[in-house]
Amino acid sequence: MNGTLMARRLWRGFMGLVLVAMAGTAAAAPGVRTVPSCTKVNVSTTIDVPAGTTWDGVAKYGKWVCLVGTASNMKGTQSESQVPMFKLNNGSTVKNVVIGDGSLGTGTNLAAGGADGVHCYGVCNVTNVYWADVGEDGATVKKLSGVTSKMTISGGAAFKAADKLFQHNSDGTLVIQDFYADNIGKLARSCGNCSTQYARKVTVTGVRLGKVNSAGVGINSSYDSKSGIAGKYDVATITDLVYSGSKAKCEAFVGTGSGNEPVKDTNASNIARACVFK
Amino acid sequence: MKKNTRQLALLLAAAAGLGALALGQSPAEPAPAAMPQAAPSPVLQMIGLAAPSAGEARAPVPDAPQLTRWMDQREFPQAVLALQRAPLDADTREQLLQQLLARWAEAAPEQAARWTLATPGQAHLLAPLHDRWLQQDPRSATVFAGGLPAGPQRQALLEEGLLRWTAQDGTAARDWLRSYAPQPELDEAIARHASGDELARNSPFEAMDLVARITAPDRRWQAWQALARNLYDIDPERVLPLLAQAPGLLPAERARLLDELR
């Protein structure tokens with residue numbers, strides 16, 4: 001074998017190793033994202049997405065639209081009586097849309113028409129959705145009888161959430177991947193005092209956070225006797241979460257029952273089993 | 001995008017106004033464009049938006065109407081460079097810059113992207129420009145990213161582009177992916193798209209075809225596992241007949257996947 005041929009083969013081998021190494025790298029968190037330029041569309045009642053179907057804003061309107069709730073219970077205040085902008089039934093998807101009016105200011109308590117975001121019953125996908133100004137919550141996992149919940153937030157971004165952005169009230173898994181959020185309370189919270197409690201999973205992969213006012217993910221690293229599931233615990237698996245602020249990336253609580261307030265869990269081994277960084 | 005222009009003009013006017021207050025003077029009327037010899041206003045001089053002094057090798061810098069004119073005439077590079085020189089506070093500068101970039105990305109995104117790459121010190125603007133470009137034309141933005149020199153920047157922009165293109169126009173994005181030979185740098189975006197619930201539900205054969213294109217064996221196997229799980233959750237009865245038609249999936253691998261579902 002002559003020298004040139006050997007050098008060529010070595011080079012090919014090296015490039016092969018480089019490519020394999022690149023392929024093995026997990027997807028990085030996205031960069032800073034902005035809300036798409038959009039046309040406002042007033043919405044007076046919840047949009048009910050039938051099971052197994054997709055509601056695609058860009059496909060429906062031919063452009064990016066910002067949905068702004070006009071009813072008094074869709075203004076996007078912190079009132080718990082707010083109704084959702086979208087109700088996703090089992091197996092449905094909402095994608096390519098902006099929720100709320102981002103032009104009203106920079107505060108987190110603006111009545112920007114974001115309503116109570118998205119409610120997911122069963123298995124749902126929230127893909128490439130932007131919350132220009134989060135209302136009561138950005139999205140909430142709700143229990144559907146007979147179905148293990150899984151809500152996947154993939155792509156998109158959220159801004160100006162006074163409290164938590166994604167709320168997990170059901171069983172099953174909340175997946176947040178390839179996402180950007182800025183000026184939020186918490187990225188996600190497993191319900192601390194729901195009337196029916198579950199050991200839940202939260203998976204965060206490839207997420208970039210700007211300003212966080214409370215914490216990254218809030219989970220119940222243990223449950224007390226009032227919860228009905230004492231001995232069980234949530235697990236948050238966090239991979240490639242980019243955040244340089246001072247708040248905790250994962251905050252642990254003792255889950256409890258309805259009518260009680262969850263307290264911080266200070267037990268180190270509980271926290272270690274529940275906040276898993278990969 | 002007239003609204004953006006108005007906001008930009010208002011912000012600049014506000015910045016100029018604040019500067020004037022600090023000097024104890026009224027804001028000067030901006031000089032009309034037809035008077036090139038007019039002396040720069042003290043306000044504009046103070047915030048660094050006055051014309052350069054003799055010998056300075058830099059582009060002329062704008063007052064608010066000038067900036068608006070530059071945007072209307074698509075003279076974006078001058079506007080960006082002038083803004084960067086202006087001694088504004090960081091928030092105001094960033095706000096103005098984002099609006100300029102948004103306008104530029106809407107008017108001439110590829111020109112904007114090429115300018116950031118070709119102009120020293122401006123490479124950091126490529127990502128925010130690309131973000132805007134993806135919102136309006138994910139295909140062009142992704143194809144542009146694919147043409148960049150190999151490296152971390154191309155990988156990041158290509159992945160971001162594919163994830164957003166597949167969300168906005170999955171059919172076109174998948175056609176584009178299939179027009180290329182399998183490539184390692186496309187693996188992650190393909191795996192995420194192909195192993196998602198929506199594609200498994202609506203186009204399971206396309207999902208399987210995509211998974212088979214993933215070059216890294218470990219990542220491909222993870223994607224098969226995720227896809228099989230989704231197919232099972234959607235309809236357990238259909239998993240076996242679907243996986244039996246999966247391209248490139250060996251019988252032993254199929255059996256292993258089915259075992260893992262039980």
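At roughly what angle do the axes of helix α10 and helix α13 of chain B cross? The axes of α10 (residues 170–178) and α13 (residues 204–211) of chain B cross at roughly 35° and come within 11 Å. Here axes are lines fitted to C-alpha atoms, for helices over the stretch in contact, and angles run from 0 to 180 degrees between N-to-C directions.

The structure is a predicted model, in which local features need pLDDT of at least 70 and side-chain atom pairs count only at pLDDT 80 or more, while totals for chains, interfaces and linings use all residues. Residues are numbered from 1 along each chain as its sequence is written, chains are lettered from A and ligands numbered from 1 in the order in which they are written, and side-chain values use heavy atoms, with hydrogens and water left out.

Helices (H or I, at least four residues) and strands (E, at least two) are DSSP runs, numbered from the N terminus. The contact (heavy atoms within 4.5 Å) between the two helices joins R174(B), L177(B) and R178(B) of α10(B) to E206(B), D209(B) and L210(B) of α13(B).

The interface of the two chains comes next. Chain B contributes 26 residues to the contact and chain A contributes 32 residues. Together they bury about 2,200 Å², of which 44% lies on carbon and sulfur atoms; buried area is the accessible area (1.4 Å probe) that two parts lose on being put together, summed over both. Within chain B, Q135(B), R192(B) and E198(B) lose the most area to chain A, together 26% of what that side buries.

Two salt bridges are found across this interface, a salt bridge being a side-chain nitrogen of Lys or Arg within 4 Å of a carboxyl oxygen of Asp or Glu. The side chains of E160(B) and R33(A) form a salt bridge at 2.8 Å, N to O. On the side of chain B that touches chain A, the elements giving two or more residues are α5 (90–107), α7 (126–136), α9 (152–168), α11 (187–194) and α12 (197–202) of chain B. Of these, α9(B) gives the most, with eight residues.

Over all chains, the structure holds 24 salt bridges. In chain A, E251(A) and K264(A) meet in a salt bridge of 3.2 Å, N to O. This pair links distant parts of the chain, 13 residues apart: E251(A) belongs to strand β17 (residues 250–255) and K264(A) to strand β18 (residues 263–264) of chain A.

Also in chain A, T237(A) lies in strand β16 (residues 235–242). Leaving aside neighbours within four places in sequence, T237(A) is in contact with V202(A), T203(A), V204(A), V276(A) and K278(A).
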